[in-house]
Amino acid sequence: MADPVIVSSGHSFERASVQSCKDLNFTPQLSDGTTPDFSTVIPNLALKSAISKWCHASSTLLPQPPHRSLTDNLVRTLIFSSSSRKNNANELVGERMLTANPSCCSSSSSVESIATSASSSTPPAQLTAKPSFCYSSPSSSELEPTTPEAEEFISKLRSNQVFVIEESLQNLRKLTRTNEDSRITLCTQRMLSSLRGLVASKYKMVQVNAVACVVNLSLEKMNKVRIVRSGLVPPLIEALRIGSPEAQEHASGALFSLALEDDNKTAIGVLGALPPLIHALRVGTERTRHDSALALYHLSMVQSNRTKLVKIGSVPVLIGMVKSGQMTGRVLMILGNLGCGPDGRAAMLDVGMVECLVGLLAGSESVHGSIKESCVAVLYVLSHGGLRFKAVAKAAGVVEALEKAEKEVGSHRAKEKAMRVLEMMKGKEDDEEEEVDWEELLDSGLGSRSHNYHDGEFAGLNGTTSIL
């Protein structure tokens, strides 16, 4: 692929191919039996970067985007092929009906003559054997191992009767809540395809139970990537945005669970989960806010998501929550990840993050020790901001606050980070900065951002729920 993009259903395609399908109003059926949703097209920067790195490593030329005339012709071929298959399938159905019910033609002499002439000119074997044009390679969903139990669930989930769907979802939710084996055997493409439509249902309890089933299935590590690739993330985001409070709780839990898998982090961010998660973190129920914080923490371990969070203005929102005492510990962990990038550090310095952290460190003893350790960790990542951080930190009294905190924090890791920041502030690492005009630097808002911060320093808090 020269210009890969992710569409709303979670699939990745070449941009030119998607545009041709949209221009010709054609939606293909994929090998797993699903159909992509082309309503939203987002650049797949992670895949494009991976392709570029592979080409560079293997000394291969980068792929060039196909010409639009080529992709248009390919799509027209697919349209013609699809139309031909439908017509041939209809003809085959008609032949089988005539063969299975010959008596239905006896009342008309004209039909009898047609049937007789057809039988005389066409060998009988062609009516009992499948014509060659109907043969096709089985899709991946058809080859998936399945069980009678799974088939029964799928059949009921696709029922036209709402009460049948509700009952089936309740049973599926109950079964997958505790049975690990069932989570694995039931997490097939056909099952996920059935759940995808129900997650977007306008029936409250249908949506709630469908999202809860997705949460249960996502508990198994081997299911996480499969769920994202099935196109379930966009409807989960919609449930988080406009669903009932209970549906929002389950949706945030599902996104958190899926975000634990490294291969999912970029895709979830690209599909638009970050703004609804920030909103849910502020105004959701306690459970929704908790799981949204965990989801944002894990998603912000990826640089592309950190950049998106800064661009959508999340830093002032998060710092406002810290200042008001809302979920301070969890929010500080997210801010610690955002500080790993130069854009995040600059945004945090712009809105008074250092002063906020000094206030917490110098606060009363009622401030929990883990909160102070998180403050030290955030100051540590901000200290990689160079001269600008030093100017802001000196004016805010970071040295005095860290000297006090170094005696109060319990973990060796926090003490070490506090010591490093103090050494940097006292000039033991950068002797040439003794003559810096701090006030002028504060007024100018400039500073060096040449230092690189490696992912994982703050993430050393670990991504497990028990840490929070």
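Which residues of helix α13 are buried?

A: The buried residues of α13 are V233, P234, P235, L236, I237, A239 and L240. Helix α13 spans residues 233–242 and is mostly covered, seven of its ten residues being buried. Here "buried" denotes a relative accessible area under 20%, "exposed" one over 50%, and "partly exposed" a value in between, computed with a 1.4 Å probe on protein chains only. Helices (H or I, at least four residues) and strands (E, at least two) are DSSP runs numbered from the N terminus.

The model is predicted: local features need pLDDT of at least 70 and side-chain atom pairs count only at pLDDT 80 or more, whereas totals for chains, interfaces and linings use all residues. Residues are numbered from 1 along each chain as its sequence is written, and side-chain values use heavy atoms, with hydrogens and water left out.

The chain as a whole has 27 helices and three strands, and buried residues make up 45% of its 468 residues. Of the contacts (heavy atoms within 4.5 Å) between residues at least 6 apart in sequence, 72% join residues at least 24 apart.

On the α19 side the contact is made by S314, V315, L318, I319, M321 and V322, and on the α20 side by T328, V331, L332, I334, L335 and L338. These residues comprise ten nonpolar, two polar and no charged. Nonpolar covers Ala, Val, Leu, Ile, Met, Phe, Trp, Tyr, Cys and Pro; charged covers Asp, Glu, Lys and Arg; the others, Gly among them, are polar.

M327 sits in the loop between α19 and α20. Its phi is near 50 degrees, a positive value in a residue other than glycine. Most residues other than glycine have a negative phi. M327 counts as buried because its relative accessible area is 17%. N25 also has a positive phi, of about 55 degrees, although it is not a glycine, but N25 counts as exposed because its relative accessibility is 72%.

L332 of the α20 contact also has a C-alpha atom 7.2 Å from that of V378, 46 residues away along the chain. V378 belongs to helix α23 (residues 369–382) and is buried, with a relative accessible area of 0%.

In helix α21 (residues 342–350), G344, R345, A346, A347, M348 and L349 are buried. These pack against α18 (303–311), α19, α20, α22 (353–361), α23 and α24. After α21 comes G352, with a positive phi near 80 degrees. R388 lies in α24 (residues 387–396) and counts as buried because its relative accessibility is 12%. The side chains of R388 and D350 are joined by a polar contact of 2.4 Å. A polar contact is a pair of N or O atoms within 3.5 Å; within protein, one must be able to donate a hydrogen and the other to accept it, and residues adjacent in sequence count only if both atoms are side-chain atoms.
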